[in-house]
Amino acid sequence: MTELSLFDKSLLNLLQGNIPVCSRPFAEMAKILGTDEKRVISRLRELKSAGYLRRIGTFFDSGKLGYRGTLVALEVLPEELETVARFVNAFSGATHNYEREGRYNLWFTLLTPTPELEKEILSKIKSMRGVKDMLSLKANKKYKVDVQFKLQ
């Protein structure tokens with residue numbers, strides 16, 4: 001992976017919570033960063049390709065939209081970790097997928113509109129080569145934490 005430039009860090013900082021709500025948000029971001037829209041879009045594509053960001057999108061109140069969530073902990077053989085993580089990331093309801101230390105070394109959240117779909121997705125993940133164990137941890141109470149990683 002390439003090292004982040006000062007411009008990249010400024011762009012990623014802005015992207016984490018200050019995307020303008022307008023018809024051309026990247027043009028507005030470019031003005032803030034002192035560049036042009038084409039450069040912003042180009043760098044975002046390159047940063048996504050290099051794995052620095054996974055998606056750009058909005059957050060919704062999933063419960064009000066009828067979705068239910070679970071925190072999932074996987075015990076994955078180290079040599080299969082990257083393959084399993086990529087498989088999990090392919091599901092649109094999977095978010096916050098991170099490697100952790102300890103027995104359960106891959107954690108992610110899964111949001112689905114039905115219990116049946118949740119069960120189906122978790123079954124597919126659990127049957128993957130290298131997945132030794134899975135915990136599905138339902139929340140008793142919802143907490144929302146606004147996490148932003150300041151890169152400068």
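Among contacts in the protein chain between residues at least 6 apart in sequence, what percentage join residues at least 24 apart? The value is 64%, where a contact means heavy atoms within 4.5 Å. The model is predicted, so local features need pLDDT of at least 70 and side-chain atom pairs count only at pLDDT 80 or more, whereas totals for chains, interfaces and linings use all residues. Residues are numbered from 1 along each chain as its sequence is written, and side-chain values use heavy atoms, with hydrogens and water left out.

The protein chain contains five helices and four strands, in the order α-α-α-β-α-β-β-α-β from the N terminus. Helices (H or I, at least four residues) and strands (E, at least two) are DSSP runs, numbered from the N terminus. Along the principal axes, the C-alpha atoms fill a box of roughly 50 × 40 × 20 Å. Of the 152 residues, 32% are buried; buried means under 20% relative accessible area, exposed over 50%, and partly exposed in between (1.4 Å probe, protein chains only). The chain exposes about 10,600 Å², of which carbon and sulfur atoms supply 55%. Accessible areas come from the Shrake-Rupley method with a 1.4 Å probe.

Phe60, Leu65, Tyr67 and Leu111 make a nonpolar surface patch of about 420 Å². Patch residues have over 30% relative accessible area and no salt bridge, with nonpolar side chains joined within 5 Å and like charges within 9 Å. Tyrosine 67 lies in the loop between α3 (37-49) and β1 (68-76) and is partly exposed at 38%.

The structure holds 12 salt bridges, each defined as a side-chain nitrogen of Lys or Arg within 4 Å of a carboxyl oxygen of Asp or Glu. Glutamate 46 and arginine 43 pair at 2.1 Å, N to O. Both lie in helix α3, three residues apart, about one turn of the helix. Glutamate 46 is partly exposed (39%), and arginine 43 is buried (18%).

Glutamate 75 forms a salt bridge with arginine 103, with the closest N and O atoms 2.9 Å apart. This pair links distant parts of the chain, 28 residues apart: strand β1 and the loop between β2 (94-99) and β3 (106-112). Glutamate 75 is buried at 13%, while arginine 103 is exposed at 51%.

A salt bridge also joins glutamate 80 and arginine 129 (3.3 Å, N to O). Glutamate 80 lies in the loop between β1 and α4 (81-89), and arginine 129, 49 residues apart from it, in the loop between α5 (115-126) and β4 (131-137). Glutamate 80 is buried at 13%; arginine 129 is exposed at 64%. Salt bridges that share partners join Glu75, Arg103, Lys132 and Asp133 into one network.
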